[in-house]
Amino acid sequence: SLFQKASDLQEKVPFIFDENSVDDKILTDFNAKTVIKQQHVFQDIYNISDGCVEYTWKMTNEIRNIAGFDCYRAETIINDSVYIIAFFTDKIEVSGGPLYFRGLPGMILGIVAPRLNFTLFATKFESLDNSTFNIPNFSQLPKMIKHQEFRRSLNDFVTSNKNFPKSV
């Protein structure tokens, strides 16, 4: 499964004031249970590789139509206290979704994280055959690092850069 931001978006929201980050990609290998994220941070490209997170989903009875599909609501908690709502359809058999979310019996077409003021919903669905689907070759890029190592590098950068905006 490949998650990337659509090229025809009206507004692309960058990561930490960096316009390059709008092109970040997340590739999930369901068989190997691994995730590779290609993340741009200013002039650098990081290839972050880790195992898939296993979420404990709780199903509800709510159904919502998203991008022409009846989607079922499921809920989970991440990072010990962040409540996540997902809407998935069993009409698309891939057990994936946006960002790192996966593990439901179908494709996740909507994610809501109320505490983070974050909502992401599909607006359309296009089925591509294997000949038109181009999976990026992450192996040709710089070395892979683990997510924990990436967070440590990013934290070091922010604390050492005197011109970087500080939160109040």
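Which residue is the bridge partner of Thr76 in β7? In this predicted model, the partner of Thr76 in strand β7 is Ile84.

In general, the strands of a sheet are paired through backbone hydrogen bonds, in either a parallel or an antiparallel arrangement.

Strand β6 spans residues 69–78 and runs antiparallel to β5, to which it is joined by six bridges. Two of the residue pairs can be named: Ile63 has Tyr72 in β6 as its bridge partner, and Lys58 is partnered by Glu75 of β6. The hairpin of β5 and β6 has two residues between the strands, and Ala67 in this hairpin adopts a positive phi near 55 degrees. Towards β7, strand β6 pairs over seven bridges, again in the antiparallel sense. The hairpin of β6 and β7 has three residues between the strands. Strand β6 is mostly covered, with seven of its ten residues buried.

Thr76 is located in strand β6. Its relative accessibility is 4%, under the 20% limit, and Thr76 is therefore classed as buried. The side chain of Thr76 reaches the backbone oxygen of Thr56 at a distance of 2.8 Å. When residues up to four places away in sequence are not counted, Thr76 touches Tyr55, Thr56 and Trp57, as well as Val82, Tyr83 and Ile84.

Most residues other than glycine have a negative phi. Asn79, in contrast, has a positive phi near 50 degrees. Asn79 is placed in the loop between β6 and β7, the latter covering residues 82–89. With a relative accessible area of 64%, over the 50% limit, Asn79 is classed as exposed. Asn117 also has a positive phi, of about 50 degrees, although it is not a glycine. The position of Asn117 is in the loop between β8, residues 107–113, and β9. Because its relative accessibility is 74%, Asn117 counts as exposed.

One cavity of 30 Å³ or more was found in the whole structure. The largest cavity holds about 60 Å³ of space. Its lining includes Ser1, Thr28, Phe30 and Val35. Gly96, Gly97, Leu99, Tyr100, Phe101 and Arg102 also line the largest cavity.

Definitions and conventions:
Residues numbered from 1 in each chain as written. Predicted model: local features only at pLDDT ≥ 70, side-chain atom pairs only at ≥ 80, totals over all residues. Heavy atoms only, no water. Pairing = 2+ DSSP bridges. Helix = DSSP H or I, 4+ residues; strand = E, 2+ residues; numbered from the N terminus. Buried < 20%, exposed > 50% of the residue type's maximum accessible area, 1.4 Å probe, protein only. Polar contact = N/O pair within 3.5 Å; in protein donor to acceptor, adjacent residues only side chain to side chain. Contact = heavy atoms within 4.5 Å. 1 Å grid on protein atoms, 1.4 Å probe; cavity = no way out; pocket = protein on both sides within 12 Å on 5 of 7 lines; lining within 4 Å. Points joined across faces, edges and corners; volume = space filled by probe spheres on them.
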